[in-house]
Amino acid sequence: MKKSFASDEMYIFSQKRKDLHIEKKFSSAELSKMIWLIREKGSGTRKITKQFLEEKNIKPKRLFTLGSTQIIKEAVETGLGISLMSSWVIKKELEQGIIQRLNVDHTPVVRTFSIIKLRQSFEAKSIRAFENLLNKS
């Protein structure tokens with residue numbers, strides 16, 4: 001059984017820079033010239049990023065794989081590249097003006113989080129409690 005419980009909006013973010021104007025729309029060609037920072041193999045965020053790059057015909061000049069969202073955020077903050085990240089993940093950095101969201105067609109990329117479980121006659125109370133918690137948020 002699969003049941004969706006939340007959605008997430010993902011945007012492309014960069015270091016806060018005066019030469020990257022937020023109002024300007026970035027083309028696939030411009031985004032291809034930038035260094036992209038992505039998650040490691042097996043990450044759902046990596047899968048969505050690779051799919052986005054392919055669908056929008058963005059061929060990054062360099063693509064660096066990093067092992068955690070925190071490392072990617074810090075690398076973006078220091079200007080090492082750009083990344084497609086969840087708006088939940090970078091909320092604090094946006095409020096502090098450390099990073100900025102780039103204006104790119106086809107963003108936000110929306111992904112859905114789901115509960116997937118086997119149908120079985122017995123279900124632990126802890127699983128039901130967790131599911132109820134998710135449904136309330």
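Where is Asn 57 placed? Asn 57 is in the loop between helix 2 (44-55) and strand 4 (62-66). The phi angle of Asn 57 is near 55°, a positive value in a residue other than glycine.

This is a predicted model, in which local features need pLDDT of at least 70 and side-chain atom pairs count only at pLDDT 80 or more, while totals for chains, interfaces and linings use all residues. Residues are numbered from 1 along each chain as its sequence is written, and side-chain values use heavy atoms, with hydrogens and water left out. The term pLDDT is the predictor's confidence in each residue, from 0 to 100. Its mean over the chain is 88, and 95% of the residues reach 70 or more.

Next comes the interior. A residue is buried at under 20% relative accessible area, exposed at over 50%, and partly exposed in between (1.4 Å probe, protein chains only). A nonpolar core is a set of buried Ala, Val, Leu, Ile, Met, Phe, Trp, Tyr and Cys residues joined through side-chain atoms within 4.5 Å. The largest such core has 15 residues, and those with the most contacts inside it are Ile 12, Leu 31, Trp 36, Phe 52, Ile 82, Leu 84 and Val 104. Strand 1 (2-15) and helix 2 are the elements that give two or more residues to this core. Helix 2 supplies the largest share, three residues. Apart from this core lies another, of nine residues, among them Tyr 11, Leu 37, Ile 72 and Val 76.

Helix 3 has Ile 72, Lys 73, Ala 75 and Val 76 as buried residues. They lie on the same side of helix 3 because they cover an arc of only 165° around the axis, the arc being that of the directions from the helix axis to the C-beta atoms. An α-helix has 3.6 residues a turn, so residues three or four places apart point the same way. The buried residues of helix 3 pack against several elements, including strand 1, strand 4 and helix 4 (91-95).

Which residues does Lys 73 contact, leaving aside its neighbours within four places in sequence? They are Met 85, Val 89, Ile 90 and Glu 93, where contact means heavy atoms within 4.5 Å. Lys 73 counts as buried because its relative accessibility is 10%. Its side chain reaches the backbone oxygen of Val 89 at 3.2 Å. After helix 3 comes Gly 79, whose phi is positive, near 90°.

Ser 86 is found in strand 5. With a relative accessible area of 5%, Ser 86 is buried. Not counting residues up to four places away in sequence, Ser 86 touches Asp 8, Glu 9, Met 10 and Arg 111. The side chain of Ser 86 also reaches the backbone nitrogen of Trp 88 at 3.0 Å.

The last stop is the loop between strand 7 and strand 8, where His 106 is found. Is His 106 buried or exposed? It counts as exposed, because its relative accessibility is 57%. The phi of His 106 is near 70°, a positive value in a residue other than glycine. Pro 108 is in the loop between strand 7 (103-104) and strand 8 (109-116), and a cis peptide bond joins Thr 107 and Pro 108, with omega about 10°.

Key. A polar contact is a pair of N or O atoms within 3.5 Å; within protein, one must be able to donate a hydrogen and the other to accept it, and residues adjacent in sequence count only if both atoms are side-chain atoms. Helices (H or I, at least four residues) and strands (E, at least two) are DSSP runs, numbered from the N terminus.
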